[in-house]
Amino acid sequence: MGTAVTAKEVGGETQGVEASQVADVPKGSLVRRTKRQRFILDGIIVLVGLAFILPMLWLLDAAFSNNASQAMSVPQLTFGNFKAAIAAGAGGAIKNSLYLAIVSTFIATVVSILAAYVLSRRRVPLKGAMLIVVLFLTGLPITLLLIPIYVMYVHLGWDNSPFYTSVALAATSVPFAIWLLKNFIDQVPREFEEAAAIEGAGGVRILWRIVIPLATPGIFVAAILTFINSWGAFLLPLVIDANPQNTPGALGIYEFMSANGRVQFGPLSAYAILFSLPVIVLYLISTRWLHGGFAFAGGVKG
Amino acid sequence: MTALAETVLAEPQDRPKDRPSRRNDRERVRPSTFLWLSPATALLVGLFLIPTGYAIYLGFTNMELLGPYAQHFNFTGMANFNRMVHDPVFWTSVKLTLIFVIGSGIIAQTVLGLALALLGQRVHVTVRASVGAIVILAWVLPEIAVAFIWYAFSQAGGTLSDLVGKSGTDLLSTVPLLIVCVANTWRGTAFSMLILSAGLRSVPEEVDEAAQLEGASYWRRLFRVTLPIMRPTIMVNMLLITIGTISDFTLIYAMTQGGPGTETAILPVYMYIQAFTFNALGYGSAIALALVLIGALLSIVYIRQLRPELKRAQ
């Protein structure tokens with residue numbers, strides 16, 4: 001691998017490597033080799049990127065083509081598929097998804113902030129046990145809860161109700177949200193709250209005026225993750241809400257896929273794009289807000 | 001005895017009334033604490049803990065969706081589990097689940113995510129940002145959209161079939177498990193890429209440079225220095241992938257409904273079919289319990305790998 005220059009080779013001195021010692025490696029060739037390497041690696045990663053984008057290109061292609069099929073073709077840039085998708089119920093389904101996502105996010109965020117603040121700042125009996133339980137619940141698959149929740153909901157008459165479906169969806173996100181928010185609030189310095197308490201502010205005021213503004217990034221992340229989770233909900237609504245008027249987007253797309261015998265690729269692609277847009281927009285907003293928190297950044301420290 | 005000693009040593013009923021009988025050195029529990037905890041407690045107890053207990057109970061019954069056993073079901077002891085052990089479809093399902101989780105989740109997503117993270121370190125910034133955005137976009141798409149895209153992609157005449165050179169074949173019918181695994185990897189790689197690239201950034205440069213000065217080649221440095229330092233990150237990543245993938249329902253159900261036949265019937269899908277298509281809620285619950293058990297066993301493996309790091313952190 002060429003001359004390895006180590007501290008040992010520097011004569012009798014124990015100083016570091018001096019510039020003169022590396023003179024025997026032709027400077028130009030080293031730089032050129034690294035530059036060429038970089039371009040080869042560029043090429044490799046671009047190939048991977050192309051492999052990833054191809055299915056998405058098909059989706060765009062099919063959504064804007066007349067008589068779209070599973071093959072790729074030149075799109076005519078029509079909006080007919082989008083109209084067909086709306087005619088097939090995309091508008092209503094997306095509205096239902098909006099309801100489920102907004103209500104469940106609201107419930108989950110409020111509930112989690114209250115619990116996370118208390119677990120972070122106050123003395124709570126059995127706090128340690130509670131935190132372990134919350135941590136374990138984050139890993140509990142919904143598949144286990146599906147049948148019991150279905151039976152319970154039917155007994156309570158809570159099935160076929162968008163509101164109670166939202167409650168169930170909120171519950172699935174609460175353990176992770178509590179864990180995320182508690183860890184976040186732990187990092188917030190307590191001096192502000194203590195100062196406010198000395199001034200005579202009560203618990204609610206401290207929470208509302210001080211803790212929540214300071215914890216906004218964490219709250220934002222928890223809310224967005226809950227929203228995205230509830231937006232794509234499929235299994236839970238499938239099981240506990242049989243009313244076709246309450247069908248959310250994911251189920252709507254699935255039903256459209258299996259309807260009418262032949263799969264209508266054009267309208268379905270449009271439907272899929274319409275359904276995906278809000279989530280994509282949310283993701284873009286969140287990366288802006290968090291200064292690239294989710295972004296594939298690197299190299300620069302901090 | 002001094003007045004103070006008298007006060008402290010006196011029985012509670014003898015103590016003067018102006019001295020409080022509770023401790024002042026520990027923070028007191030405020031009543032509002034319980035109020036603020038109550039919504040979360042209600043949700044978690046009502047929609048997690050109680051259903052978990054109920055699921056365990058149901059696994060030992062013969063409750064059904066409709067018919068005679070819907071209202072008046074019986075406790076049947078180990079009957080469901082006996083049936084499970086002798087059910088060939090169940091064992092197929094377990095095998096498929098393991099292939100799906102370990103193959104397309106643990107192995108494929110970690111390797112691909114690591115490759116992207118490593119490559120990302122050494123390419124031009126714009127290239128890295130664009131490819132990163134594409135990979136993450138695949139992750140952000142709703143699962144049903146992914147299912148539809150890959151359904152179309154692998155149909156006869158679809159783009160994947162064309163690329164592979166078998167235009168006429170419906171890949172989803174001929175190699176269904178492979179297709180759903182590819183779709184799942186496509187969807188999930190971004191997660192590993194993000195976590196592992198964060199882990200890579202936390203490897204101190206000095207260690208890598210020292211190895212370079214010693215004359216170690218790239219691959220040697222990778223396997224002997226970088227990856228061992230990243231071990232906790234890799235283990236946590238695998239744990240999270242497992243937890244997320246093992247209960248995945250939508251992707252496979254929307255693409256194949258577990259078929260053709262039972263070729264892609266991973267445990268969540270099989271549970272759904274048994275419970276809601278064949279009406280066997282009790283048996284379905286038993287299958288769900290088996291799923292949780294498998295997930296727990298896999299998680300224990302990773303947590304044990306993490307134990308030396310956790311001990312050191314304490």
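**A friendly note on chains A and B**

1. Among contacts in chain B between residues at least 6 apart in sequence, 66% join residues at least 24 apart. Here, two residues are in contact if their C-beta atoms, placed from the backbone, lie within 7 Å.

2. A word on the source: this is a predicted model, where local features need pLDDT of at least 70, side-chain atom pairs count only at pLDDT 80 or more, and totals for chains, interfaces and linings use all residues. Residues are numbered from 1 along each chain as its sequence is written, while chains are lettered from A and ligands numbered from 1 in the order in which they are written.

3. Now look at the overall form of chain B. Its C-alpha atoms fill a box of roughly 100 × 75 × 30 Å along the principal axes. Chain B contains 16 helices and 0 strands; these are DSSP runs numbered from the N terminus, with H or I over at least four residues for helices and E over at least two for strands.

4. Next, see where the chains meet: 79 residues of chain B are in contact with 71 residues of chain A. On the side of chain B that touches chain A, helix α2 (residues 31–58) gives the most, with 15 residues.

5. One peptide bond to find is the cis one joining Gly259(B) and Pro260(B), with omega about 0 degrees. Pro260(B) sits in the loop between α14 (250–256) and α15 (267–277) of chain B.

6. Finally, Asn279(B) is not a glycine, yet has a positive phi of about 65 degrees. You will find Asn279(B) in the loop between α15 and α16 (281–313) of chain B.
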